[in-house]
Amino acid sequence: MLKNLDPALNADVLHALRSMGHGDTLVVSDTNFPSDSVARQTVIGRPLSMANLSAAQAIRAILSVLPLDTPLQNSAGRMEVMGAPGEMPAVQSEVQAEIDRAEGKPSPMYGIERFAFYDLAKKAYCVISTGETRFYGCFLFTKGVIPPAGV
């Protein structure tokens with residue numbers, strides 16, 4: 001165990017988050033997402049796991065160390081519900097609350113059509129598979145920067 005780190009962040013996930021650069025994206029997926037086949041096309045090349053956590057729990061841990069990109073660019077996306085793109089299921093509302101908490105202000109997610117989400121996921125740095133069993137528990141995050149002290 002390490003001080004000041006959420007214990008949900010395992011070594012593989014921490015390594016990936018630290019290795020990502022500004023503008024790199026990561027996918028946090030539910031159990032129904034084709035994590036293995038999609039992850040094979042990412043930079044990491046294999047799925048990472050936070051299998052014992054819900055999407056909201058995993059994202060809370062991830063956002064405790066990962067800066068999101070600025071509001072000038074979309075930094076948190078959600079897979080849209082097919083046929084109801086404006087609908088926000090409970091799993092997505094829970095994740096939205098975690099994003100807002102981490103950012104200290106409302107930071108609305110943008111919707112991504114299901115098949116467009118798959119295409120973007122293949123270009124991501126990594127895929128982190130959670131234990132989330134609810135549908136549409138799939139999210140895309142863009143890494144931001146941490147400014148130097150005094151800036």
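Modeller: Arginine 101 is partly exposed, with a relative accessible area of 41%; on this scale buried means under 20% relative accessible area, exposed means over 50%, and partly exposed lies in between (1.4 Å probe, protein chains only). This is a predicted model, in which local features need pLDDT of at least 70 and side-chain atom pairs count only at pLDDT 80 or more, while totals for chains, interfaces and linings use all residues. Residues are numbered from 1 along each chain as its sequence is written, and side-chain values use heavy atoms, with hydrogens and water left out.

The side chain of arginine 101 forms a salt bridge with that of glutamate 98 (3.1 Å, N to O), the term denoting a side-chain nitrogen of Lys or Arg within 4 Å of a carboxyl oxygen of Asp or Glu. These two residues are three apart in helix α4, and so about one helical turn separates them; helices (H or I, at least four residues) and strands (E, at least two) are DSSP runs, numbered from the N terminus. Glutamate 98 itself counts as buried, at 13% relative accessibility.

Glutamate 98 also meets arginine 60 in a salt bridge (3.4 Å, N to O). That pair links distant parts of the chain, since arginine 60 lies in helix α3 (residues 55-63) and glutamate 98 in helix α4 (residues 90-103), 38 residues apart. Arginine 60 is partly exposed, its relative accessible area being 39%.

The whole structure contains six salt bridges, including one between arginine 40 and aspartate 36 (2.9 Å, N to O).
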